[in-house]
2 protein chains.
Amino acid sequence: MARRSDHSREEIKEMALNAAVTIVDEEGSKKLTARHVATTIGYTVGTLYLVFKNLDDMVLHLNARTLDDLHQWLLDRRIADATPQQQLQVLADAYIDYAAAYTARWNMLFESLVSVDNELPDWYLQRLSKVFGLIESALTPLTNRQGQEAIVQAARVLWAGVQGICTLKIGQQLDLAGGQSTKEMARMLIDNFLKGFSGECR
Amino acid sequence: MARRSDHSREEIKEMALNAAVTIVDEEGSKKLTARHVATTIGYTVGTLYLVFKNLDDMVLHLNARTLDDLHQWLLDRRIADATPQQQLQVLADAYIDYAAAYTARWNMLFESLVSVDNELPDWYLQRLSKVFGLIESALTPLTNRQGQEAIVQAARVLWAGVQGICTLKIGQQLDLAGGQSTKEMARMLIDNFLKGFSGECR
DNA sequence: CATAAAATAAAACATCGTTCAATTTTTCTT
DNA sequence: AAGAAAAATTGAACGATGTTTTATTTTATG
């Protein structure tokens with residue numbers, strides 16, 4: 001057992017979150033319990049409550065990490081010199097890939113939005129905005145035709161759309177006639193939405 | 001305490017589900033526990049396991065009810081003699097209203113999609129399809145321009161989009177610049193998507 | 001009326017989040 | 001350096017949970 005001041009509170013926090021990520025990835029979010037995390041890092045359950053207010057607080061910090069990770073994931077897959085449409089499709093594909101690769105983590109992102117009664121803290125909202133900003137910046141070339149306000153709104157709508165496509169795994173659950181993949185759905189969303197949005201219509 | 005054969009198993013099932021709906025609506029999904037449901041209907045917890053395989057099974061049946069209810073809700077609000085665009089906007093608004101009015105119920109619909117490991121049973125998928133079919137039928141007038149296959153795909157994408165808009169309550173959580181309401185987002189999604197989809201573009 | 005079968009209750013189990021008192025280790029004071 | 005104060009950590013405890021098992025009651029059956 002770890003004994004006094006082997007690690008600072010900040011270190012324990014780090015260790016706990018590392019353990020939490022591993023548990024979620026390898027055993028699923030249902031196995032993410034206080035005791036499991038504590039014993040994994042060589043402490044007992046009481047210690048966790050020294051560095052986190054409660055389990056929800058820990059999950060919030062865990063989700064913040066996921067958002068950072070997702071943001072980097074999307075950044076790494078962005079391509080230069082592409083049309084907004086191409087950029088968005090790359091982003092959507094990357095988002096879908098992340099959700100598929102780290103499903104448990106990704107799910108927790110939205111479970112928490114439900115369970116948290118209080119408002120989300122600023123440091124969390126900032127992480128959300130960062131991810132969200134990627135879609136926004138892909139749309140900025142359209143600022144000539146559309147106002148900045150409309151761009152922001154479109155980015156929200158598009159992200160929500162891709163999010164919904166991932167959430168309802170319709171491709172898997174409702175696949176009755178002809179397997180339409182998640183990415184195909186996202187492509188359809190982006191193509192048609194952008195056609196309408198970028199004003200190529202009468 | 002209720003005593004032997006006061007109610008058939010089917011009646012107990014009904015009572016339990018009625019109690020569950022009330023609990024979820026009035027106290028939230030977190031208060032939906034086996035003991036709470038059992039005592040509400042005047043039985044003890046063991047009896048519940050006579051009519052449901054486990055709590056997840058009960059939630060699944062509860063969700064089936066919600067889907068039926070949602071389907072009727074959407075039906076009641078449909079309008080006749082309207083363009084696909086109008087129909088879809090009415091549907092989207094109704095969907096959003098339902099999610100707002102019965103948030104706890106509505107949330108459980110998608111939490112369960114996550115937690116259930118096994119495939120969803122047929123009787124549940126049929127309920128999903130029924131709701132989904134409403135969007136599809138609103139799009140059928142476009143069958144001339146687009147193939148039946150494309151209609152089905154578009155319905156999926158649009159529903160997913162509205163779903164995502166509801167899920168990320170961006171209007172409330174990420175509302176940094178200018179309050180864009182959920183319905184406005186849905187309108188933007190449908191308008192632009194349909195413009196692109198219905199082929200009014202070059 | 002006795003006995004089998006079913007329905008229900010009650011108790012038990014392991015686990016959970018959370019709190020708290022007890023114990024150990026460090027730091028501070030003189 | 002020694003003892004007191006403070007902090008870190010444990011371990012036990014509490015109430016609640018999902019689920020299973022045992023015991024009891026009620027009905028049905030012969």
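Which residues have the most contacts inside the largest nonpolar core? Select Ile135(A), Leu158(A), Leu189(A), Ile135(B), Leu158(B) and Leu189(B). The core they sit in has 67 residues. A nonpolar core is a set of buried Ala, Val, Leu, Ile, Met, Phe, Trp, Tyr and Cys residues joined through C-beta atoms within 7 Å. Buried means 20 or more other C-beta atoms within 10 Å of a residue's own, with C-beta atoms placed from the backbone.

This is a predicted model: local features need pLDDT of at least 70, side-chain atom pairs count only at pLDDT 80 or more, and totals for chains, interfaces and linings use all residues. Residues are numbered from 1 along each chain as its sequence is written, while chains are lettered from A and ligands numbered from 1 in the order in which they are written.

Next, Ile135(A). Leaving out residues up to four places away in sequence, Ile135(A) touches Leu88(A), Leu91(A), Ala155(A), Leu158(A) and Trp159(A). Contact means backbone-placed C-beta atoms within 7 Å. A second, separate core has 17 residues, including Ile12(A) and Phe52(A).

Now select residues 148–167 in both chains: helix H8 of chain A and helix H8 of chain B. Helices here are DSSP runs (H or I, at least four residues), numbered from the N terminus. The two axes come within 6 Å and cross at roughly 105°. So H8(A) is roughly perpendicular to H8(B) (65 to 115 degrees; axes are lines fitted to C-alpha atoms over the stretch in contact, with angles from 0 to 180 degrees between N-to-C directions).

Last stop: Phe132(B), in helix H7 (residues 122–139) of chain B. Phe132(B) counts as buried because 21 C-beta neighbours lie inside 10 Å.

Notes: Helices (H or I, at least four residues) and strands (E, at least two) are DSSP runs, numbered from the N terminus. Angles under 35 degrees count as roughly parallel, over 145 as roughly antiparallel, 65 to 115 as roughly perpendicular and the rest as oblique. A residue is buried if 20 or more other C-beta atoms lie within 10 Å of its own, exposed if 12 or fewer, and partly exposed in between; C-beta atoms are placed from the backbone. Two residues are in contact if their C-beta atoms, placed from the backbone, lie within 7 Å.
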